[in-house]
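Open the model in your viewer and keep the selection tool at hand. Each stop below says what to select and what is there.

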Amino acid sequence: MDPEFLVNADPADVTELLDAASGPGAWVATAVYRASAHWHREAGAGVRRQLLALDAARYGHRELAARISAVAVEGEPAAGWDVEWATGTELDPRAEPDVPDAVAHEGGVQAVATTVLDGRPVAITVGRESTMRIWDLAARQQLGVPVDMADHSVSSMATAVMDGRPVVVTGSFEGPVRVWDVATREQLIEPLSGHSQKTTVATAVVDGRAVVVTGSLGDDETLLAWDLATGEQITRIRTGHTQGVSAVATAMLDGRPVVVTDGYEDTVRVWDLVTGEGVGSPLDEGTTGALATTVLDGRAVALTGGEDAALRVWDLATGEQTVEPAEFFTGIDVVATTVVDGRPVAVTMGAESYWLVIWDLATGEQVGDEFLYGDPDRWFSALATAVVDGRPVAVTGDLGGAVQLWDLTTRAEIGGPLVGHGVSGPPPEPKLRPMSATSSTDGAFLTVSDQATGERVGELRTGHTLAIEAMTTAGIDGRPVVLTAGHDDTARVWDLTTGRLVGDPLTGHTDSVTGASTAVVDGRPAIVTSSHDGTVRVWDVATRQQVNEFSLGKWITAAATAEVAGRWLVVTVVDGSRVCLSDPATGEQVGRLKGHTDRIHAVTTAVVDGRPVAVACGYHFDNSVRVWDLTTRKKISVLRNGYDPSRAAAVAVVNGRPLVVGAGDGVVPVWNMTIGELIGELTGHDDTVLTVATAVLDDRPVAFTGGLDRTVRVWDLTTGRQMGRPLTFPTTVGTVAPGPGNRLAVGFGPEIAVLTRRQFSDGSWLLSSNDEK
């Protein structure tokens, strides 16, 4: 099959021809084209070229990958990168085809709420692409057409009943609040304009009329109550929350409506909605962020949760906790309530996690095992509860845009994600003949063959079975390698040049491996791994034997290593909010890096002007990036980019200045590390950036970034320009790691690919999107 035809022809024509073709060459082409067929229809020829070259390499056809990369595309520069090798675990024909589900919201789900319409349970969902959709939960169908909310970025939602009809109230990041008729999807009144920043909402009934209560971020300490029918402001409360109101919930206490408020300074307060007076003393134990109310044994209670991973239940009449705090291994970002098997329960969700947990509110104990989302790349982002056909369910949204129902009794998914009219599913694919797969003796490869003829179709490198969490390049025994850490509880070492595994996978951790890096321990090269199981393990490079293991807490979310004054240290993020320094030889904790006040997403180390530094990225209510001198343990700078968190960071030196490059929501912030000043933003990504790494190419400092838009982008840090076209992948790019020889390792889902910059016949490299050879 001609590579030029595969790249440049209309995908419908290619599919039709491949369906009718026969012979080993055609079967290889069909397998390669099918691997990412769900993206080819919407992609331009330049993107198809890159995806097809990648998928050829995943099937072990390196020569075919090179021929595809060399195809000329009209209006596009020559391909800037070749694919040297890639794993193909997800192409195993014995597994179900991994075709992405159609999703409800492109870009992720921002908020979910539930109500009842004409006697049937419905969910209202809002996505980051600014559409609101309404779903019949029993029929699993979308009702009506989506509502375009391009001028209203929704931050929160609540439902109510007004004059017998269900309404949904939406708060916004800009401040104004809107009220919508669920049945007609039309606005009922003019926007409620009482706040100018991110707004949170809850509904209640006061003196027989439906009201909405609103609070806001920042220095706005006020809580406002509005009549939903008229838009009239009926109550104004000064809350005393000095950093603004992060969450609100309403309840009935001794026959009177009250509102519970959570402040960004981690205090919870109760207010009488009629008089505006405070009720009792603040509930201020532990960190907060998640808030809900319910009735337990006839008494009004508030539920609070936060970064300390504790769910607390408060009696609103006494201000006392009713049970010992329920503790989990990750922080709590959202809490919802319902009844399961006759007992009141809470359902909790962690920030950017793939866990749901049910708690018995009477005892404070966890009910059954936690829910594990089948795809670790698709973290939960929104949660609500409902009753469907008499059974309690949770309705979740995720960062991938899917809306999913969960049976809270069996703790299992109910069908696939919700897909209604107006939401496109995956396009048709070319048919693939039945294939078989046989494993090599060492398990490193799978040979894929046509079942009917026995003809070989490809040879797949096997690897991680779940998403890669962390990745770095290093030198071991004089050869360049890439270290990968996965959600499948293993770490692996790959020869960067050949793609072969170096030794067996490193096993022993009982949960996701969150870091893998190198160090020198007792004078011998070592690999250091960390895990959500709370342990650090140290492995001898030569023997692959574990030489040390020590526990630091409930879980470790990120780790890196550094040499400090001749002594190697492990820098870890422990229990989500502590940056700890440990000796890998002894396990002794030798220090902490302090400053963050909330969750920490990532940590990295670097050497700047001969001194080792650590950089940690906070998020949730502390979106700062902090830099410390590892020798003195003192802070160098605190970096901020408004309210936008950075999910990763890397260090580079540009014109003698040390810079920190971050990973934000669609932007790549760049700071002067020494003075803490934001000096620019690199724009181009269409969604959240998850990973960043820096290197030097042709004597110029560059940054590599990847994220939810499935692309890797290369940036010239001297000019701030993007270099070349984006590199597109079949799924979310979670990790990038540059290596020697102009190589770049990329982790996408459980797969890894190593790319090499293409050199032209005159010895030059493709450096920018304007360089066409």
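**Stop 1: a cavity.** Select A444, F445, R461, T462, W494, G499, R500 and L501, which line the second largest cavity. A cavity is, on a 1 Å grid over the protein atoms alone, a set of points where a 1.4 Å probe fits but cannot get out; lining residues have an atom within 4 Å of a point. About 30 Å³ of space lies inside this second largest cavity. That volume is the space filled by probe spheres set on the points, with grid points joined across faces, edges and corners. Its lining divides into four nonpolar, two polar and two charged residues. Here Ala, Val, Leu, Ile, Met, Phe, Trp, Tyr, Cys and Pro count as nonpolar, Asp, Glu, Lys and Arg as charged, and the others, Gly among them, as polar. A search of the whole structure finds two cavities of 30 Å³ or more.

A note on the model. It is predicted: local features need pLDDT of at least 70, side-chain atom pairs count only at pLDDT 80 or more, and totals for chains, interfaces and linings use all residues. Residues are numbered from 1 along each chain as its sequence is written, and side-chain values use heavy atoms, leaving out hydrogens and water.

**Stop 2: the largest nonpolar core.** Select F704, V712, F729, V736, V746 and L755. These have the most contacts inside the largest nonpolar core, which has 48 residues. Such a core is a set of buried Ala, Val, Leu, Ile, Met, Phe, Trp, Tyr and Cys residues joined through side-chain atoms within 4.5 Å. Buried means under 20% relative accessible area, exposed over 50%, partly exposed in between (1.4 Å probe, protein chains only). Helix 3 (residues 24-35) gives the largest share of this core, seven residues. Helices (H or I, at least four residues) and strands (E, at least two) are DSSP runs, numbered from the N terminus.

Now centre on F729. Beyond its neighbours within four places in sequence, F729 is in contact (heavy atoms within 4.5 Å) with residues including Q50, L51, L54 and R710. Apart from this core lies another, of 16 residues, among them A104, V112, V388 and I414.

**Stop 3: P121.** Go to strand 3 (residues 120-127), where P121 sits. P121 is buried, at 14% relative accessible area. L137 is 16 residues away in sequence, yet the C-alpha atoms of P121 and L137 are 5.8 Å apart.

**Stop 4: S517.** Finish in strand 34 (residues 513-521), the place of S517. Is S517 buried or exposed? S517 is buried, with a relative accessible area of 13%.

Key: 1 Å grid on protein atoms, 1.4 Å probe; cavity = no way out; pocket = protein on both sides within 12 Å on 5 of 7 lines; lining within 4 Å.
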